[in-house]
Amino acid sequence: MYSQNHSTASLSEMDYLDVKNLAQTGEGMYLEFKRTIPSAYKIAREIAAFANTKGGTLLIGVDDDKSLVGVMGYQEEEFLLDKAAQKLCEPAVDIKIEIVHFGDRDLLVIKVPEVINKPVYVKGDDEWVVFMREKDQNRVASKELIEIIKKRNSDKGVTFEYGPVEQKLFRYLNEYGEITVKKFAQIVDIPRERASTTLVNLVAAEILNLSRKDNTDYFTYSQ
């Protein structure tokens, strides 16, 4: 049965009380729960977001109010999870699926590891997208964040110049504290692509930090 699956479900050492207590902590950086799996693509986003951040746990069979409802048999959910992790994530993510019996229903505990080979992309209708976990939400990573992830996971060193462009950048940061790619390109009169590359290299070199608010990336001095 589903012998082609890369991830095989196994009986968990947790019982339903353990799952109940875990669910009561609420969704957050490392925990997400769902009543059922809506689709392979939607659950792939959850898997990729955890894998691209610090890993996490998915609970299937838990309602939004944290009550345990379970699923009638785990085989369909296991199939969708396998498709999400192995077919829709690139590179594939080796999740661990655990079953917790709950009366005549099942609860699923899916453990998602943080991957080494980042970023993990999710195959959409027209493009591959990178998702990151932020508090209890998944968000689409910007082009700059994707490049930063790549550089941090590369064996190549990061180099950058300290010239007039960088001097203007640091003067601006000293006065205003934060800057966007668009603003940086404007104040030094360079193409956006070059502005993006410069900021990405400075973050990879741990001179700057990248943060996000109101769906916009901001660069600040690293603490």
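1. Asp-189 sits in the loop that links α6 and α7. Keep in mind that this is a predicted model, and what follows describes that model. Asp-189 has a phi near 55 degrees, which is a positive value in a residue other than glycine. Is Asp-189 buried or exposed? With a relative accessibility of 71%, Asp-189 counts as exposed.

2. Helix α6 covers residues 181–188 and helix α7 covers residues 192–204; their axes come within 9 Å and cross at roughly 115 degrees. The two helices are therefore roughly perpendicular to each other, and their crossing is right-handed. From α6, the contact draws on Val-181, Phe-184 and Ala-185, while α7 supplies Arg-192, Ala-195, Ser-196, Thr-198 and Leu-199. Sorted by class, that contact has five nonpolar, two polar and one charged residues.

3. On to the sheet. Which order do its strands take? The sheet is open and has five strands, ordered β1-β5-β6-β3-β2, with mixed pairing. β1 (10–11) and β2 (31–34) are the edge strands, and each has a single partner, so one side of each is left without a neighbour in the sheet. As a reminder, strands of a sheet pair through backbone hydrogen bonds, either parallel or antiparallel.

4. Going through the pairs, β2 runs parallel to β3 (residues 56–60), with four bridges between the two strands. β3 and β6 are antiparallel and share five bridges; Thr-57 has Lys-111 in β6 as its bridge partner. β5 and β6 are antiparallel too, joined by seven bridges, and Ile-97 is bridged to Ile-110 in β6.

5. The β5–β6 hairpin has two residues between its strands, and Gly-103 takes a positive phi there, near 65 degrees. How much of β6 is buried? Six of its eight residues are, so β6 is largely enclosed by the rest of the structure.

6. Two helices lie over this sheet. Helix α1 (residues 16–24) lies across β2, β3, β5 (96–102) and β6 (105–112), at about 110 degrees to β5. Helix α3 (residues 75–87) lies across β3, β5 and β6, and runs at about 15 degrees to β6.

7. α3 also packs against another helix. The axis of α2 (residues 40–52) comes within 8 Å of the α3 axis, and the two cross at roughly 60 degrees. That angle makes α2 oblique to α3, and the crossing is right-handed. Ala-40, Ile-43, Ala-44 and Ile-47 of α2 meet Leu-80, Leu-81, Lys-83, Ala-84 and Ala-85 of α3. By class, there are eight nonpolar, no polar and one charged residues in the contact of α2 with α3.

8. Leu-31 belongs to strand β2, and its relative accessibility of 7% is why Leu-31 counts as buried. What does Leu-31 touch, leaving out residues up to four places away in sequence? The contacts of Leu-31 are Leu-22, Thr-25, Gly-26, Phe-50, Thr-57, Leu-59 and Arg-133.

9. Next, some backbone checks. Most residues other than glycine have a negative phi, and most peptide bonds are trans. Which residues follow a cis peptide bond? One is Pro-91, whose bond from Glu-90 is cis with omega near 0 degrees; Pro-91 lies in the loop between β4 (89–90) and β5. Another cis bond joins Lys-118 to Pro-119, again with omega about 0 degrees, and Pro-119 is in the loop between β6 and β7 (121–123).

10. One more phi to look at is that of Lys-135, which is positive at about 55 degrees although the residue is not a glycine. Lys-135 is found in the loop between β8 (128–134) and β9 (137–140). Its relative accessibility is 65%, so Lys-135 counts as exposed.

Terms used
Residues are numbered from 1 along each chain as its sequence is written. This is a predicted model: local features need pLDDT of at least 70, side-chain atom pairs count only at pLDDT 80 or more; totals for chains, interfaces and linings use all residues. Side-chain values use heavy atoms; hydrogens and water are left out. Two strands pair if DSSP finds at least two bridges between them. Contact means heavy atoms within 4.5 Å. Axes are lines fitted to C-alpha atoms, for helices over the stretch in contact, and angles run from 0 to 180 degrees between N-to-C directions. Angles under 35 degrees count as roughly parallel, over 145 as roughly antiparallel, 65 to 115 as roughly perpendicular and the rest as oblique. A crossing is left-handed if the near helix is turned anticlockwise from the far one by less than a right angle, and right-handed if clockwise. Ala, Val, Leu, Ile, Met, Phe, Trp, Tyr, Cys and Pro count as nonpolar, Asp, Glu, Lys and Arg as charged, and the others, Gly among them, as polar. Buried means under 20% relative accessible area, exposed over 50%, partly exposed in between (1.4 Å probe, protein chains only).
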